[in-house]
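Please take a moment to look over the sequence and the structure shown below before reading on. The paragraphs that follow lead through the model step by step, from pairs of side chains to the chain as a whole.

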Amino acid sequence: MVEIDRRSLLGALSAVLGSGTGVFANADRLRRLGLAEPPIAISAPELNVPDLQGSLHRVEDYRGKITVVSFWATWCPPCRKEMPALARLSRELDAERFAVLAVNVGDKEDKIRSFLEKIDHAGLPILMDTGSELPSKWYIHGLPVTYVLDADGQVVYGALGERVWDSPDMISGLKSLD
């Protein structure tokens, strides 16, 4: 049996995302939405970052829920554009079964807060990786990058670039994962 580490698998998923092709087993709708699945199941790397209120968030905190983890930065135009859609997605999904997290990479807290004053982000937990430690752990080479985790904390889909997270098709597709 060949052993493959998490970094290699996330790298493979990153390659699929960058190629613009999907590798879905059975969901044409999800393929059209630009999500790709990793070649084999992979546990999500750790988060261990605080939100704006100072509470630490870990992947384990979301076990039992489908979790959307979106990495973004204030300097990234596509990130800025999709943030309100992520907030609307978060409000649309049942909080008992789903979680949507927006993880800022590299910005200082005051810059994050200043940006958030200008957009709709109600209901969207904003996490801060001010030291930019997560990109290497999550194999991120561009922003925005979003991973969808199943209830066991396994990466089941990923997306590189902006998506319309609150579209009826996306909401329906995510709900079908439960």
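How many salt bridges does the count come to? The model is a predicted one, and in it the count comes to six salt bridges. As background, side chains of opposite charge can pair when their charged atoms come close. One of the salt bridges joins Asp61 and Arg58, whose closest N and O atoms are 2.9 Å apart. Asp61 is partly exposed, with a relative accessibility of 37%, and Arg58 is likewise partly exposed, its relative accessible area being 35%.

Another salt bridge is formed by the side chains of Glu162 and Lys81, with a distance of 3.5 Å from N to O. Because Glu162 lies in the loop between β8 and α6 while Lys81 belongs to helix α3 (residues 77-92), this pair ties together parts that are 81 residues apart in sequence. Glu162 is partly exposed at 32% relative accessibility, whereas Lys81, with a relative accessible area of 61%, is exposed.

From charged side chains we can turn to sulfur. Which cysteines form a disulfide? They are Cys76 and Cys79, whose sulfur atoms are 2.4 Å apart, and a search of the whole structure finds one disulfide. The torsion about the S-S bond of Cys76 and Cys79 is about 75 degrees, and therefore the disulfide is right-handed. Are these two cysteines buried or exposed? Cys76 has a relative accessible area of 2% and is buried, and Cys79, at 0% relative accessibility, counts as buried too.

The aromatic rings come next. A pair of aromatic rings is described by the distance of the centres and the angle of the planes. The structure holds three aromatic pairs. In one of them, the rings of Phe71 and Trp138 have centres 5.2 Å apart and planes at 55 degrees, so the pair is tilted. Phe71 is part of strand β4 (residues 66-72) and Trp138 is part of helix α5 (residues 134-138), which means that the pair ties together parts that are 67 residues apart in sequence. Phe71 and Trp138 are both buried.

A further pair is made by Trp72 and Phe115, and since their ring centres lie 5.5 Å apart with the planes at 40 degrees, this pair is tilted. It links distant parts of the chain, with Trp72 in strand β4 and Phe115 in helix α4 (residues 109-116), 43 residues apart. Trp72 and Phe115 are buried. Ring pairs also gather Phe71, Trp138 and Tyr147 into a cluster.

Gln154 belongs to strand β8 (residues 154-160), and its side chain is joined to that of Ser43 by a polar contact of 3.0 Å. If neighbours within four places in sequence are left aside, Gln154 is in contact with Ala41, Ile42, Ser43, Ala44, Val148 and Leu149.

Which residues of helix α6 are buried? In this helix, which spans residues 168-175, the buried residues are Met170, Ile171, Gly173 and Leu174. They cover an arc of only 165 degrees around the axis, and therefore they are on the same side of α6.

Of the 178 residues in the protein chain, 49% are buried. Among the contacts in the protein chain with a separation of 6 or more, 73% are between residues 24 or more positions apart.

Technical notes
Residues numbered from 1 in each chain as written. Predicted model: local features only at pLDDT ≥ 70, side-chain atom pairs only at ≥ 80, totals over all residues. Heavy atoms only, no water. Buried < 20%, exposed > 50% of the residue type's maximum accessible area, 1.4 Å probe, protein only. Helix = DSSP H or I, 4+ residues; strand = E, 2+ residues; numbered from the N terminus. Arc of directions from axis to C-beta. Disulfide = S-S within 2.5 Å. Phe/Tyr/Trp six-rings, centres within 6.5 Å; stacked < 30°, edge-to-face > 60°. Polar contact = N/O pair within 3.5 Å; in protein donor to acceptor, adjacent residues only side chain to side chain. Contact = heavy atoms within 4.5 Å. Salt bridge = Lys/Arg side-chain N within 4 Å of Asp/Glu carboxyl O.
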